[in-house]
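Work through the exercises below with the structure open. Try each task before reading its solution.

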Amino acid sequence: MDIEKIRTLIALMEESDLLNLEVSSEDEHISLTRHYDTPAPTLMTAPNASAVPMAAETKTNVKAGSVETSPMVGVFYSAPSPSEPPFAKVGQKVQAGDTLGIIEAMKIMNPLEATQSGIIDEILVDNSEVVQFGQPVIRYKA
């Protein structure tokens, strides 16, 4: 592996503000991930205000069930081509390892595979939508 090639890829990530980059060829594969140190969120409250109502309000917006997240930054495709049916539909039972969609990154089509078996409750992104590293894509029924 050529160190200059790696430095070029790192520079590309910094220029484009990418968090994740994967490049493969016949004899090489490199995956780079950038993590930012972000301060923990702080809760600003007025004097004598209680944080409990805010926490309860936030929890009502969170749905139960585990999610599949995007392993990289890219474009999510729900089907292998526009004329074919989607890989996964709401209500469909899937097994671990089943393809749920495709994420295109750097002109490479990467399958998004189920990490667990379950029934799909919700597809959280639209076809051809740009997804970020770690972004929830599919939610399973609880």
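**Exercise 1.** Locate Gln 135 and list its contacts from elsewhere in the sequence.

Solution. Step one: Gln 135 sits in the loop between strand 9 and strand 10 (136–140); strands are DSSP runs of E of at least two residues, and helices are runs of H or I of at least four, numbered from the N terminus. Step two: leaving out residues up to four places away in sequence, Gln 135 touches Glu 68, Thr 69, Ser 70, Val 125, Glu 129 and Val 130, where contact means heavy atoms within 4.5 Å. Step three: Pro 71 is 64 residues from Gln 135 in sequence, while their C-alpha atoms are 8.2 Å apart.

The model is predicted: local features need pLDDT of at least 70, side-chain atom pairs count only at pLDDT 80 or more, and totals for chains, interfaces and linings use all residues. Residues are numbered from 1 along each chain as its sequence is written, and side-chain values use heavy atoms, with hydrogens and water left out.

**Exercise 2.** Find which side chains meet in a salt bridge, and state where they lie.

Solution. The rule asks for a side-chain nitrogen of Lys or Arg within 4 Å of a carboxyl oxygen of Asp or Glu. The count is 1 salt bridge. Glu 122 and Arg 139 form it, at 3.4 Å from N to O. This pair links distant parts of the chain, with Glu 122 in strand 8 and Arg 139 in strand 10, 17 residues apart.

**Exercise 3.** Is Arg 139 buried or exposed?

Solution. Buried means under 20% relative accessible area, exposed over 50%, and partly exposed in between (1.4 Å probe, protein chains only). Arg 139 has 14%, so Arg 139 is buried.
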